[in-house]
Amino acid sequence: MTDDLAERAALVALLNPGSGHPTASWPRLASEVLDRGSARDLLQHPSGQQTLINADADERLAAATALVRHWQDQGIGVHGVLDDTYPALLRDIRERPPIIFTKGQLADDVRAVAVVGSRDASPRGLRIANTIATEFARNAITVVSGLAEGIDTAAHTAALAAGARTVAVIGTGINRHYPASNRALQDQIADQGLVISQFWPDAAPTRSHFPMRNAVMSGYSAATVIVDAGEHSGTRIQARLAVQHGRHVIILKDLLHLQWARELAGRPGVSVVGSPDELFTTVEGVLAKRQRQLRPTPRDLADLVLT
């Protein structure tokens, strides 16, 4: 991996910031850059043949380098998929964005769990989200959510109130505040935690952004807790993606009156919990397993060899 400005700039040039926002080809580009081991090489030799040099590559690279420096001067972190600062868990998923933008403090965040649910949450759902996020904060678990109204806001707010780390994965550019009612909350998270976006810094929200945001949120987190979500809630996208990513999904038992929740409950890697103690025990088990996968002990390695 690398921390090379030229590599980041090459990614920006390949992604063509003039196009407005990411398209479905972005994950494919991320995979190609990882396979090639260099975005700059891909920019200069798109065919893969060293003898066929892209004639305007140097000009595009220079313009992109100036753009990256401009963003960095604004206090925006720019992280390409090859960078050491790019989140390791996020790099593992198929929908990984080639580049992410951040405001705030980067951290390992191996103990990160997404707490998500409906924007139009019930008072009970909001209380549950508050309780979960507060307990996570007390146990050094990073609370990840999407900065939407409802459950997301309750989870972020509770984590901050407990003096703990929270990460907001947003569906707009990092310079935007959406919803507008969460402007102060977003700024506080950037000051005390981390805000992540995969979109150009000034990009406005679009309908297609939010499923892409859910993919990043799932990929960044070791598990996803579904607190409160209706039959047609966008939270279902997060749950489905998390299962596809091999991330554990935890559903509150109260949601089993919904068809989508019942269908999801039968999938591998999905747990249904009926009490706070059961929830926190399940989460700690998932995090312990994830920690062993990322940093195996000598005993773990021996067991792997023997099996």
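Trainee: Which side chain makes a polar contact with the side chain of histidine 156?

Mentor: Keep in mind that this is a predicted model. Histidine 156 sits in helix α7, residues 151-161. Its side chain has a polar partner at 2.8 Å, inside the 3.5 Å cut-off, and that partner is the side chain of threonine 166.

Trainee: Is histidine 156 buried or exposed?

Mentor: Residues such as Leu147, Val167, Leu185 and Ile189 are among those histidine 156 touches. Buried means under 20% relative accessible area. Histidine 156 has 0% relative accessibility, so it counts as buried.

Trainee: How far apart are the end C-alpha atoms of helix α9?

Mentor: Start with 1.5 Å a residue, which means its 12 residues should span 16 Å. The distance in the model agrees with that, at 17 Å.

Trainee: Which residues have the most contacts inside the largest nonpolar core?

Mentor: That core has 60 residues, and helix α1 gives the most to it, with 6 residues. One residue to look at touches Val116, Ala239, Leu252 and Trp260, among others; this is isoleucine 226. Isoleucine 226 also touches Val249, and the two with the most contacts inside the core are Ile226 and Val249.

Terms used:
Residues numbered from 1 in each chain as written. Predicted model: local features only at pLDDT ≥ 70, side-chain atom pairs only at ≥ 80, totals over all residues. Heavy atoms only, no water. Helix = DSSP H or I, 4+ residues; strand = E, 2+ residues; numbered from the N terminus. Expected span 1.5 Å × (residues − 1). Buried < 20%, exposed > 50% of the residue type's maximum accessible area, 1.4 Å probe, protein only. Polar contact = N/O pair within 3.5 Å; in protein donor to acceptor, adjacent residues only side chain to side chain. Contact = heavy atoms within 4.5 Å. Core = buried A, V, L, I, M, F, W, Y, C linked by side-chain atoms within 4.5 Å. Lists of a residue's contacts leave out its neighbours within four places in sequence.
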